[in-house]
Amino acid sequence: MSQYRRARTGCTYFFTLVSYERRPILCDEPIRKLLRLAVQNVRVQRPFAMDAWVLMPDHLHCVWTLPEGDTDYSTRWAQIKRTVSRFCGADVQVRGPVSESRRKHRDAFIWQRRFYEHQIVDEDDFTRHVDYVHFNPVRHGHTDSAAAWPFSTFHRYVRAGILPIDWGGSAQAAEMHLE
């Protein structure tokens, strides 16, 4: 496992968000750019540290640290998802009939309604989740190494000297999973 050093001030969370019907649209350039812009805008209004991130075709994983005393990640995600949906929603085609529930809640067809979150409990938990985030493209067969996937904070960790460029192709990394 990697040894990350960080200053911890607030609560840290691991998140997974999934596209509606797991459609492989999240790496498409318009959605990717809007997602980046939405995250940047929300961070101005409601700051948080982006500890790790990976954008996959049909889902994303990330680790955030919120400011001390702030646990309102739900509002942040709602604003991010709403921004992306508002500006990209019309371009995303719906396959099949729309459920009454989605119609009632006026859900866009980019995101699943809910997301998964896990509060990071200690440094080992943090390390395991960041490694999981960075290794995810390899785990899903999109690439042979973490370095080959462009939509990840892995490259930031390499530039900072925290991870070597060849990390994520090893047998140790191949056995990574969250319990």
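Author: In this predicted model, the largest nonpolar core has 45 residues, and those with the most contacts inside it are Leu 35, Trp 53, Leu 60, Trp 64 and Trp 77. The elements that each give two or more residues to this core are the strands E1, E2 (49-55) and E3, together with the helices H1 (29-45), H2 (73-88), H4 (123-139) and H5 (154-159).

E3 is accordingly described as mostly covered, with seven of its seven residues buried. Confidence in the protein chain is also highest in this strand (residues 59-65), at a mean pLDDT of 98.

With E1 it runs antiparallel, and seven bridges join the two strands. Along this pairing, Thr 12 stands opposite Thr 65, and Leu 17 stands opposite Leu 60. With E2 the pairing is again antiparallel, over six bridges, and a hairpin of three residues joins E2 to E3. Here the bridge partner of Leu 55 is Leu 60.

E1 (residues 12-18) is likewise mostly covered, with seven of its seven residues buried. Thr 12, Phe 14, Thr 16 and Val 18 lie on one side, whereas Tyr 13, Phe 15 and Leu 17 lie on the other. E1 is also joined to E4 (residues 116-119) by four bridges, in the antiparallel sense; Phe 14 stands opposite His 118 in that strand.

Leaving aside residues up to four places away in sequence, Trp 64 touches Thr 12, Tyr 13 and Phe 15, among others. Its contacts also include Ala 49, Met 50 and Asp 51, as well as Tyr 73, Arg 76, Trp 77 and Ile 80. Cys 11 is one of the residues touched by Trp 64; Cys 11 counts as partly exposed because its relative accessibility is 24%. Cys 62, by contrast, has 0% relative accessibility and therefore counts as buried. A search of the whole structure finds zero disulfides.

A word on confidence is in order. The mean pLDDT of the protein chain is 85, and 77% of its residues reach 70 or more. Over residues 93-97 the pLDDT is below 50, and this stretch has five contacts beyond near neighbours in sequence. Where pLDDT is low, the predicted coordinates should not be read in detail.

Methods. Residues numbered from 1 in each chain as written. Predicted model: local features only at pLDDT ≥ 70, side-chain atom pairs only at ≥ 80, totals over all residues. Heavy atoms only, no water. pLDDT = per-residue confidence, 0-100. Contact = heavy atoms within 4.5 Å. Buried < 20%, exposed > 50% of the residue type's maximum accessible area, 1.4 Å probe, protein only. Pairing = 2+ DSSP bridges. Core = buried A, V, L, I, M, F, W, Y, C linked by side-chain atoms within 4.5 Å. Disulfide = S-S within 2.5 Å.
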